[in-house]
Amino acid sequence: MIKQIFLGMAIMLSIAPALADPAATKGRQIAEKMDQRDRGFGDYKADVAMTIQGRTQQARKMQMQIQVLEQADPLEKSLIRFSSPRDIDGTAVLTYANRAREDDQWLFLPSIKRVKRISSSNRSGAFVGSDFSYEDLIRQDVDKYTYRFIKEEGCSGLSCLIVERKPKNPGSGYSRQLVWIDNVHYRPMRIEFFDRGGKTLKTLDYLDYNVYLKDYWRPGSMVMKNHQSGNSTTLAWKSYQFKAGLKEADFTVGQLAR
């Protein structure tokens, strides 16, 4: 009897790989490789110009600085602080991208001198009126999605792997995303976002890549287009500085109000 039980277990283990979904396995492998390629940079900071363009309204321009500290867990800590225009000068967002648990985000509003914790249910809201949501600001742990490889096709003169990923968090503002990843450097080239009802919501394009420290690729600009509202938001990145000497003390809730 015992011999039969072990034989049955051996048979199940032997056929398990065959029962696995090849598209899901490949999608997961691509996501892991993309994540691994962007590990080890330590820290960096950059200046970013944000331009929000409404369908009929005049463009609104903002200036901010972004600081990022790489860690094991949290995966990453990031701090965004605005310097202009005057009505949002000093506004700041602190994010802890956690492994296998809910991420942490705080917003500092200088007009009321108050730090507010952003709950997971509110992260689908617009980031300072832009087409980016607070959810878009978080570097996601690979384990927070399920994956499926769709196909390979040309994009921007390159060959891209298209992977569908679905957030496991039921509070996400998205039902799924399609990610175009170049198959040489494993950089994201485009992300198409679908709303909770499954309709196309937004498209994010990564443009003008440059490489830093010989290994780490960063876009010169990012363009998020909202297909439902007709609005768009452009982030123009400059003055990237890696190994800037950032420390954990630079990423505390207390630092938000300083």
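The predictor's confidence in each residue is expressed as pLDDT, on a scale from 0 to 100, and contact is taken to mean heavy atoms within 4.5 Å. The structure is a predicted model, in which local features need pLDDT of at least 70 and side-chain atom pairs count only at pLDDT 80 or more, whereas totals for chains, interfaces and linings use all residues. Residues are numbered from 1 along each chain as its sequence is written, and side-chain values use heavy atoms, with hydrogens and water left out. The mean pLDDT of the protein is 92, with 93% of its residues reaching 70 or more. Where pLDDT is low, the predicted coordinates should not be read in detail.

The C-alpha trace spans about 75 × 40 × 40 Å along its principal axes, and the protein has three helices and 15 strands, assigned as DSSP runs (H or I of at least four residues for helices, E of at least two for strands) and numbered from the N terminus. Of contacts between residues at least 6 apart in sequence, 45% join residues at least 24 apart. Buried residues make up 44% of the 258 residues, where buried means under 20% relative accessible area, computed with a 1.4 Å probe on protein chains only.

A nonpolar core is defined as a set of buried Ala, Val, Leu, Ile, Met, Phe, Trp, Tyr and Cys residues joined through side-chain atoms within 4.5 Å. The largest such core has 52 residues, and those with the most contacts inside it are Met64, Leu204, Leu235 and Trp237. Strand β1 (residues 43-53) gives the most to this core, contributing five residues. A second, separate core of 10 residues includes Leu69, Ala92, Leu94 and Leu246.Ser78, in strand β3 (residues 76-84), is buried, with a relative accessible area of 10%. Beyond four places in sequence, Ser78 touches Gln67, Val68, Val93, Leu94, Thr95 and Phe251.

Note on methods: Buried means under 20% relative accessible area, exposed over 50%, partly exposed in between (1.4 Å probe, protein chains only).
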